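These are my notes from going through one structure. I wrote down what I looked up, in the order I looked it up.

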Amino acid sequence: MRDLYEAQRAMRQMRRQAMARGVMAVLDIGTSKVTCIILQFDGPGQFRETDGVGPMAGQSSFRVIGQFTTQSRGVRYGEIETMADVERCVRHAVQGAQKQAGVRVDHVIATISGARPASYGLAGEIPLRSGKVTEEDVAAVLAACDAPDFGKNREVLHAQPVNFAVDSRSGLSDPRDIVGNTLSVDMHVLTIDGFAASNLVHCIRRCDLELAGVGSAAYAAGRAALVEDEQELGAACIDMGGGVTGVSLFLKKHMLFADAVRMGGDLVTRDISQGLRVPLPVAEWLKTRHGGLEATGRDDREMIDVTGEPGEDWDGERRFVSRADLIGIMRPRVEEILDGVREILEAAGFDQMPSRQVVLTGGASQIPGLDTLAMRILGYNVRIGRPLRIQGLAQQHTAPCHAATVGLALHAANPQDEWWDFEMPAERAGVVGLRRAYRWFRNNW
């Protein structure tokens with residue numbers, strides 16, 4: 001049993017060692033698919049201590065040497081429901097990627113999309129005894145943040161400083177060597193359900209793999225799908241997966257808020273299956289091949305054959321449905337998902353951001369007409385976002401459904417500073433440290 005700080009530092013160190021050896025895997029365990037990509041790094045010479053505050057802020061060039069995607073089983077709402085099924089899917093995906101890469105991987109970093117995320121904003125302030133900011137002062141001000149009671153069985157997934165201020169000068173990304181009297185910080189903390197996180201860790205270990213990090217799927221998707229200006233000026237990334245729709249808000253290249261709607265594309269598929277009385281594979285085929293959200297005058301006359309499995313011979317009476325009926329089933333559920341997203345954006349104060357751009361990504365974002373419907377319901381400019389291209393990535397893995405996978409690879413190569421990147425100072429009188437605030441918290445990582 002180790003506390004949060006030590007566990008996260010251990011995983012960061014494990015990640016550095018894996019990158020130094022040159023190979024590491026990225027694993028996206030979703031409700032509808034499991035994707036594994038294997039990254040090859042150029043080595044530790046790419047790390048530069050002067051590129052940021054934390055010890056892992058340096059760039060590291062990489063390329064994809066193996067990739068594999070398989071259908072997910074045993075996952076519901078982004079959380080593991082049947083351990084044995086998920087273990088088989090993970091092993092299959094990792095083995096497929098290893099076979100293509102021709103190497104064996106021992107360390108993986110994984111995404112988690114469900115687990116009921118909750119965001120908190122913490123603040124801390126300390127006097128500068130030497131008259132300028134040192135590395136120890138940065139660690140001390142992070143330790144001075146007052147942490148609220150996150151609730152029972154909650155674990156901290158991300159704890160990122162999003163703004164430093166020295167006296168009246170705010171908006172500093174690296175305050176070291178700045179002269180002043182006081183140093184303050186604003187930190188964003190994202191917590192998730194502890195049981196969901198423990199199940200993910202246990203599943204990875206059952207697959208004979210070492211977990212070198214866990215990242216929020218909404219955060220990873222935002223890093224991959226938002227362009228630099230959107231991350232700087234303010235944007236929301238809506239990652240519409242199979243079981244969960246993740247929402248993340250970015251400003252000044254930092255994630256300020258994250259939440260999730262426990263609905264996704266799989267729910268639309270089930271609605272089609274029940275509404276048209278067809279098997280789930282046929283419903284998924286109808287959604288991806290003929291689905292849409294904006295009806296036209298000719299949709300009543302466009303008839304779709306739903307007899308048996310798509311493409312198979314059928315000797316009995318054939319059955320047809322109109323595309324208008326299909327749209328009539330899909331649209332209400334998508335509207336419900338977008339209504340949930342709108343409530344999250346309103347609660348987060350998204351309308352106060354300088355630029356209010358909404359980017360849709362994820363597998364369900366590929367439904368035709370979604371951007372138009374989202375613009376009408378959310379009231380903001382909306383575009384469909386594809387993940388950034390990274391070297392060696394196959395064309396089929398550049399679709400919006402792989403945004404979280406690509407984003408986690410970018411996060412592995414160029415991680416943002418987090419609380420556990422700094423050497424925690426000893427507790428001092430008058431300072432309520434995160435170590436003391438988390439004394440109640442223990443995790444089994």
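**Entry 1: surface and overall make-up**

I began with the surface of the chain, keeping in mind that the model is predicted. The chain exposes about 19,100 Å². Carbon and sulfur atoms supply 46% of that area. I then looked up burial: 57% of the 445 residues count as buried.

For secondary structure I noted twelve helices and 18 strands. I also checked the contacts in the chain with a separation of 6 or more, and residues 24 or more positions apart account for 72% of them.

Asp-167 has a phi near 55°, which is positive although the residue is not glycine. I found Asp-167 in the loop between strand S8 (154-166) and strand S9 (169-172).

Lys-252 sits in the loop between strand S13 (245-251) and strand S14 (254-261). Its relative accessible area is 53%, so I wrote down Lys-252 as exposed; the cut-off for exposed is over 50%.

**Entry 2: helices H7 and H8**

Next I looked up a pair of helices. Two packed helices are described by the angle between their axes and the distance between the axes. How do the axes of H7 and H8 cross, and within what distance do they come? The axes of H7 (residues 265-276) and H8 (residues 280-290) come within 8 Å and cross at roughly 115°. Angles of 65 to 115 degrees count as roughly perpendicular, and H7 and H8 are therefore roughly perpendicular to each other. I noted the crossing of H7 past H8 as right-handed.

I then listed residues in the contact. On the H7 side they include Val-268, Ile-272 and Leu-276. On the H8 side, Leu-280, Ala-283 and Leu-286 are among them. By class, the contact has six nonpolar, three polar and four charged residues.

**Entry 3: Ser-216**

Ser-216 has a relative accessible area of 7%, so it is buried; buried means under 20%. Leaving out residues up to four places away in sequence, Ser-216 touches Ile-112, Leu-157, His-158 and Leu-190.

Key. Residues numbered from 1 in each chain as written. Predicted model: local features only at pLDDT ≥ 70, side-chain atom pairs only at ≥ 80, totals over all residues. Heavy atoms only, no water. Helix = DSSP H or I, 4+ residues; strand = E, 2+ residues; numbered from the N terminus. Buried < 20%, exposed > 50% of the residue type's maximum accessible area, 1.4 Å probe, protein only. Contact = heavy atoms within 4.5 Å. Areas by Shrake-Rupley, 256 points an atom, 1.4 Å probe, with all protein chains shown as cover. Axes fitted to C-alpha atoms, helices over the stretch in contact; angles between N-to-C directions. Parallel < 35°, antiparallel > 145°, perpendicular 65-115°, else oblique. Left-handed = near helix turned anticlockwise from the far one by under 90°. Nonpolar A, V, L, I, M, F, W, Y, C, P; charged D, E, K, R; others polar.
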